[in-house]
Amino acid sequence: MARISYVNGRFLPHASASVHVEDRGYQFADGVYEVMAIRGGAPANEALHFARLERSLGALRIAAPMSPRALGLVIRELVRRNRLSDGIVYLQVTRGVAPRDHRFPDHVRPSLVLTARRARPPSPEAVDEGVAVIAIPDIRWGRCDVKAIALLPNALGKQQAWEAGAYEAWQIDDAGMVTEGTSTNAWIVTDAGEVVTHPADHAILDGVTRVRLIEIARAAGITVTQRPFSLEEAKAAPEAFLTSTTAAVLPVVQIDDSLVGAGWPGPVTRRLRDLYLVPAAAGPKE
Ligand code: PDD
């Protein structure tokens with residue numbers, strides 16, 4: 001069955017879905033995106049993704065290409081046309097097509113592109129045994145809360161991790177604190193069983209998985225503290241893990257050359273992963 005993508009109002013065969021060479025996303029990375037999980041044929045955490053999209057668009061002063069309701073219909077139609085049950089929808093909005101000039105064009109229609117594909121979750125070994133991360137300097141800009149398509153530092157960091165045989169790179173700010181991974185949020189568990197993650201300020205992307213997991217953990221009586229933690233604290237922590245739409249909750253068992261805890265996924269991480277995935281299997285509630 002042919003894969004179908006959406007470009008500015010049209011559903012097209014994926015192979016011929018394209019935008020103009022002077023799209024500002026292509027020339028300036030002038031745009032934002034979302035990656036949404038599709039579970040059982042329906043988008044998960046849609047309201048949270050739409051709220052973040054609105055914040056990202058607002059920060060860059062890009063007009064919303066359509067209402068959230070209309071966008072929801074386009075997503076569902078894309079999922080239907082691709083006969084997708086479990087996977088992801090990638091959604092990108094750029095400022096639009098205009099002759100190359102750094103200043104914003106006067107009259108421009110934002111470009112909206114959506115693609116869908118089957119899920120590529122982490123391998124069963126990664127889930128059961130945990131993954132390694134490396135530490136790299138955080139060289140990104142000051143608005144990492146905006147889900148901008150400008151991902152060069154993230155791509156360089158992920159490639160570095162891959163070449164080092166690791167799953168992810170944790171980015172370290174000038175004060176020695178872990179901000180987040182290149183496409184995931186970073187977490188540790190303290191000796192007291194408290195779960196710690198960086199506060200949702202300009203230094204990180206406030207992950208939808210992060211938001212949901214904080215709610216789920218607190219509802220289960222687990223203390224969650226949003227504060228920066230250092231690389232040293234992470235290396236000495238009994239447990240660490242990462243979260244994202246594609247990875248859900250994934251144990252981190254090694255940071256650079258240091259094993260986290262016994263080098264094996266810990267009980268708090270396992271419990272959080274189960275808690276996170278169980279309601280999803282029953283169908284996400286909005
Ligand atoms: N990445 N931090 C960064 C820098 C990210 O790019 C992402 C998402 C996250 C986790 O956010 P969420 O829980 O909403 O997926 C944190 C997506 C999946 C990506 O770029 O593919």
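# Close-up views

**View 1. Leu156 sits in helix H5 (residues 152–163).** Helices (DSSP runs of H or I, at least four residues) and strands (runs of E, at least two) are numbered from the N terminus. The model is predicted: local features need pLDDT of at least 70 and side-chain atom pairs 80 or more, while totals for chains, interfaces and linings use all residues. Residues are numbered from 1 along each chain as its sequence is written, and side-chain values use heavy atoms, without hydrogens or water. Leu156 has a relative accessibility of 51%, so Leu156 counts as exposed. The classes are buried (under 20% relative accessible area), exposed (over 50%) and partly exposed (in between), with a 1.4 Å probe and protein chains only. Thr94 lies 62 residues away from Leu156 in sequence. Their C-alpha atoms are 22 Å apart in space.

**View 2. The whole chain holds eight helices and 16 strands.** Its radius of gyration is 19 Å, close to the 19 Å of the globule rule for 286 residues, so the chain is as compact as a globular protein of that length. The radius is taken over C-alpha atoms, and the rule is 2.2 Å times the number of residues to the power 0.38. Along the principal axes, the C-alpha atoms fill a box of roughly 55 × 40 × 35 Å. Buried residues make up 48% of the 286 in the chain.

**View 3. The shell around the ligand counts 17 residues.** Tyr33, Glu180, Val208, Thr209 and Thr245 come nearest. Strand E3 (31–39), strand E9 (177–181) and helix H6 (208–219) each give two or more residues to the shell. By class, the shell has four nonpolar, 10 polar and three charged residues. Asp, Glu, Lys and Arg count as charged; Ala, Val, Leu, Ile, Met, Phe, Trp, Tyr, Cys and Pro as nonpolar; the others, Gly among them, as polar. Domain 1 (4–118) and domain 2 (124–281) each supply at least three shell residues. The domain bounds come from an automatic or database assignment.

**View 4. Asn45 and Arg61 both have positive phi.** Most residues other than glycine have a negative phi. Asn45 has phi of about 55°. It lies in the loop between strand E4 (42–43) and helix H2 (46–60). Its relative accessible area is 8%, so Asn45 is buried. Arg61 has phi near 55°. It lies in the loop between H2 and helix H3 (68–81). Arg61 is exposed, because its relative accessible area is 65%.

**View 5. Trp187 sits in strand E10 (residues 185–189).** Its relative accessible area is 1%, so Trp187 is buried. The side chains of Trp187 and Thr243 make a polar contact of 2.9 Å. Such a contact is a pair of N or O atoms within 3.5 Å; within protein, one must be able to donate a hydrogen and the other to accept it, and residues adjacent in sequence count only if both atoms are side-chain atoms. Pro137 is 50 residues from Trp187 in sequence. In space, C-alpha to C-alpha, Trp187 and Pro137 are 17 Å apart.

**View 6. Asp274 is in helix H8 (residues 267–281).** It counts as partly exposed, because its relative accessibility is 49%. Met177 is 97 residues from Asp274 along the chain. A distance of 28 Å separates their C-alpha atoms.

**View 7. Arg117 is in strand E6 (residues 111–118).** Its relative accessibility is 25%, so Arg117 counts as partly exposed. Ser56 is 61 residues from Arg117 along the chain, and their C-alpha atoms are separated by 23 Å.

Technical notes: Near = heavy atom within 4 Å.
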